[in-house]
Amino acid sequence: MLNSQFSNLNQLTIVEVLKGLKGKKFSAVELTQACLDRIKRVDDKVKAFITVCTKEALEKAKEADREIKKDSKVFDKKPLMGIPFSMKDVYCTKGIETTAGSKILESYIPQYNATVYQKLLDVGGILIGKTNCDAWGHGVSTENSDYFTTHNPWNLEFVAGGSSGGCGAALASDMTLFSIGEDTGGSIRLPSSFCSTSGLKVTYGRVSRYGAIAYASSLDTVGPMAKTVEDLSLILNIIAGKDQLDATTSANQVPDYWKSLTSKVRGLSIGLPREFFGKGIDKEVKRLVLQAVEKLKENGFRTVEVTIPMLKYAIPVYYLLACSETSSNLGRYDGIRYGHNRNSFGAEAKRRIMLGTFALSAGYYDQCYLKAQKARTLVIQDYKKAFRECDCIVAPVSPKPPFKIGEKADDPLAMYLEDIYTATINTAGIPSLALPCGFSQKGLPIGMQIIGPQFSEELLFKVGHFYQERTEYHKRKPKVLLHE
Amino acid sequence: MNKNNYLTIIGIEVHLELKTKSKMFCGCCAGHFRVKPNTHTCPVCLGLPGALPVPNRKAIEWCFLIGKALNCNSREDSSFDRKNYFYPDLAKGFQISQFNQPFCREGFLTIKGSTLIRINLDKDKPFPSKKVRINRVHMEEDTAKLLHKIVDGEKVSLIDFNRSGVPLVEIVTEADINSSQEAVEYLKKLQQIIRYLGVSDCDMEKGSMRCEINISLISQQFPISNFKLPNYKVEIKNINSFKFVKRAIEYEITRQKELLKRGESPIQETRGFNENRQKTYSQRSKEEAHDYRYFPEPDIPLIKISNLKSQISNVIPELPEEKKERFIKVYNLSEYNASILVLDIQKADYYEGTVKAGGDPQGTANIIINKRIDINKFTPKQLVKHLQKQKTDKVSDTAKLNEVIDNILKQNQKAAYDFKKGKQEVIGFLIGQVIRETAGKADAQTVKKLLIEKLK
């Protein structure tokens with residue numbers, strides 16, 4: 001049944017795979033095996049996965065093939081039938097080890113499924129593994145994982161970004177068809193940018209967080225990472241919506257993101273926030289993002305300069321809120337349950353717990369936590385104002401291209417500054433789509449983000465898809481691993 | 001000024017377990033008394049990684065109901081907060097509670113004042129009724145339960161999570177209570193009201209009603225209306241009956257008085273109450289007090305209470321005070337009888353049921369109060385029958401009773417003489433004699449009436 005046209009099944013996008021599966025060009029087992037083979041061949045270099053579910057995945061794939069054979073219309077009910085995917089290791093998967101990248105939860109087997117995982121299982125998805133991340137999501141490079149550092153498939157000496165670095169690297173090296181990441185201050189967008197993949201940070205409340213091991217509850221968002229914007233829209237169709245188990249999910253209607261992808265976008269106005277292109281940005285990054293904006297302008301978009309003055313407080317506001325919440329969320333790992341005592345916390349987790357504990361303590365609460373909450377309101381207002389001037393905002397994801405493993409390991413503050421362009425989006429609770437917009441002279445990926453008002457995912461997808469229809473960056477494959 | 005006169009100042013925190021079907025933030029059954037350990041649990045109340053709380057609507061409505069019954073105000077928006085501390089019975093490392101925006105605040109409960117100190121006394125009322133101000137009524141979750149046992153010869157602490165996440169309402173008074181009697185009066189009244197609302201069993205022994213007493217003494221100064229609170233307070237915990245509340249307070253008053261007389265200031269601390277020794281003992285001093293690092297619970301959105309409020313005003317039942325007034329007015333009962341009948345709602349309902357089934361209001365009240373009718377044994381209808389039979393019996397008995405009374409008066413001519421001379425209290429003696437003669441069958445009120453007529 002294997003057609004030579006599909007010799008590298010693992011390299012396909014979801015849209016391509018669905019065509020193949022529906023047309024019976026290949027089977028779910030063949031597809032899953034292709035991904036598992038790829039993991040076997042390259043993951044000892046990339047180190048994207050903490051757990052690979054070989055046996056379970058193949059069993060599921062066999063089931064999927066049986067279902068497809070039995071009922072050719074099965075895809076109407078289960079739109080992701082037979083599609084292998086991976087998840088950041090922060091999602092509870094019943095019976096499958098879930099560590100959050102931390103030694104505290106080493107060998108922890110959840111008793112229940114995260115809502116996002118259950119939803120994907122319900123539509124026929126096949127989990128092939130759990131990917132590496134900075135422990136608890138605390139980081140921008142996976143160097144804070146308590147297990148190992150994930151390498152960038154474009155250049156193995158470089159970081160893959162973080163904290164969902166395993167997701168980005170697994171996608172970029174074609175080990176998985178899509179991945180579910182988690183973004184608290186940039187954790188989906190940064191690895192998307194560093195690995196040249198597409199990733200969506202959703203509006204807070206769009207996707208259920210139930211079963212996502214919390215980093216900072218008011219900022220955490222669950223989102224898809226994939227090879228194309230089109231694929232992202234298919235996944236969001238499945239995972240978005242109200243969940244009775246997460247009180248912060250919105251009852252807003254979930255549109256058909258995929259169907260509306262190709263509707264008209266010409267004539268929209270793009271806001272360019274001057275603070276995102278000012279001091280501290282790498283010349284190449286600036287050039288490539290503005291080049292992407294140019295591309296959109298050529299095709300009928302307008303641009304307008306906007307301003308987000310609160311960007312200068314992005315890092316203190318984000319870190320005060322995130323650390324305060326994480327100090328509380330991690331309190332349950334007190335050594336009584338889960339089998340490991342508090343000494344098993346890594347250095348970065350301890351740093352953030354202490355920072356947050358301090359910010360919430362009597363006598364400091366007003367000047368730290370409370371002040372950050374007030375600043376948060378101002379950040380929200382900044383974006384609201386900006387969106388009166390434009391339909392969406394285009395900005396770089398990171399001020400710099402990917403950095404080398406170890407380069408910033410001794411400088412936590414330099415690490416924190418990686419979040420400068422991404423963190424305010426979480427603070428404001430709005431969505432942002434990250435996608436590739438070029439490569440540095442060293443051949444390292446550069447990404448941009450398209451930011452919109454609350455619940456504007458549909459619009460972001462349309463603009464992103466429009467751009468990807470006219471560019472090829474998202475189709476490039478890293479050379480390093482090409483012949484592995 | 002007498003240096004040895006001290007004013008007792010008490011504030012009370014009460015925790016009530018609501019009897020909702022499910023827990024506060026998950027769908028688990030909230031029942032935990034005599035339940036096999038760890039059978040009513042789920043990821044949420046076990047505090048497992050990734051689980052999220054979803055507030056129980058019914059529990060919130062009931063919290064408002066309590067607030068309303070305690071004359072509280074409520075605000076438009078309310079929110080939950082996290083109270084962070086470490087303890088093995090605390091699954092998440094924090095308790096979801098309310099700090100800045102409790103559901104209800106600034107209410108009051110009127111009780112019978114027992115002291116001569118006229119703080120917040122309502123001068124318009126004939127008896128010294130007293131307003132105990134309620135500072136706040138808020139919602140939180142219960143913790144798990146620790147069981148200290150020996151397993152395989154080893155001393156171990158076991159955790160039962162069945163209680164984890166059971167809805168709790170905390171009711172905090174201002175420091176308006178000035179004696180052990182008032183404290184008990186307040187607690188009894190509160191219990192009565194909550195039971196009327198039907199939202200909690202309020203059983204102190206089973207732990208569905210728990211109280212913490214904050215107590216301090218201040219050297220009495222006049223005018224008392226603008227005294228200053230002392231700069232210390234002692235919190236007493238682990239008290240599980242009204243009797244012990246009284247004992248603990250009285251012990252503490254004596255203890256603090258001794259210290260103050262010696263010129264020492266009692267230290268701010270938390271003390272437990274030892275039932276066997278009838279003493280309080282030090283548990284934790286101020287230096288060891290927690291910094292709970294409260295902050296808004298990010299997993300639960302703000303709660304808009306405008307919708308809830310209208311629903312609550314429709315369901316609030318008639319409370320004891322209103323019921324008493326109505327009983328007096330409608331059934332022509334005495335203040336005393338009415339107040340006994342409304343003590344608990346079952347008794348009050350039973351009374352009304354009997355009257356509605358045809359019972360005479362006065363007779364029914366008398367028989368329920370004086371004969372201590374087992375309301376679980378007879379239905380109101382059965383009681384009505386019984387009452388009617390008794391009435392006919394009584395009529396035929398009247399002649400007999402007159403005979404007995406005449407006999408008694410003959411035998412006790414001295415007493416009859418004394419009464420006529422104005423010594424009113426001998427009537428009690430005479431009634432007693434008559435009742436004894438009839439082997440307890442005669443009704444005291446009737447005997448009294450007949451006696452007085454004959455003695456005129």
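Axes are lines fitted to C-alpha atoms, for helices over the stretch in contact, and angles run from 0 to 180 degrees between N-to-C directions.

**View 1. Two packed helices of chain B in the predicted model.** Helix α1 of chain B, which covers residues 57-69, packs with helix α2 of chain B, which covers residues 180-197, at an angle of about 130° and with the two axes 10 Å apart. This angle makes α1(B) oblique to α2(B), because only angles over 145 degrees would count as roughly antiparallel and those from 65 to 115 as roughly perpendicular. The crossing of α1(B) and α2(B) is right-handed. On the side of α1(B) the contact is made by B:Leu65, B:Ile66 and B:Ala69, while α2(B) brings B:Ile193, B:Ile194 and B:Leu197. By class, the residues of this contact of α1(B) with α2(B) comprise 6 nonpolar, no polar and no charged.

**View 2. The open sheet of chain A.** This sheet has 11 strands with mixed pairing, and their order in chain A is β1-β3-β2-β6-β8-β7-β12-β13-β11-β9-β10. At the edges stand β1 (49-52) and β10 (302-306) of chain A, each of which has a single partner strand, so one side of each is left without a neighbour in the sheet. From one strand to the next, the twist averages 30°.

**View 3. The pairing of β7 and β8 in chain A.** Strand β7 of chain A, residues 198-201, and strand β8 of chain A, residues 221-226, run antiparallel and are joined by 2 bridges. For A:Ser198, the bridge partner in β8(A) is A:Ala226.

**View 4. Helices α3 and α15 lying across strands of chain A.** Helix α3 of chain A, residues 54-70, lies across β1, β2 (84-88) and β3 (126-131) of chain A, and runs at about 155° to β3(A). Helix α15 of chain A, residues 457-469, lies across β7, β11 (392-396), β12 (432-439) and β13 (445-451) of chain A, and runs at about 15° to β12(A).

**View 5. The contact between chain A and chain B.** Chain B gives 23 residues to this contact, and chain A gives 30 residues. The side of chain B that touches chain A is made up, by class, of 14 nonpolar, 4 polar and 5 charged residues.

**View 6. The domains of chain B.** The domain assignment divides chain B into domain 1 (6-311), domain 2 (318-378) and domain 3 (396-456). Taken over C-alpha atoms, the centres of domain 2 and domain 3 of chain B are separated by 28 Å.

Terms used. Residues numbered from 1 in each chain as written. Chains lettered and ligands numbered in written order. Predicted model: local features only at pLDDT ≥ 70, side-chain atom pairs only at ≥ 80, totals over all residues. Contact = placed C-beta atoms within 7 Å. Nonpolar A, V, L, I, M, F, W, Y, C, P; charged D, E, K, R; others polar. Helix = DSSP H or I, 4+ residues; strand = E, 2+ residues; numbered from the N terminus. Parallel < 35°, antiparallel > 145°, perpendicular 65-115°, else oblique. Left-handed = near helix turned anticlockwise from the far one by under 90°. Pairing = 2+ DSSP bridges. Domains from an automatic or database assignment.
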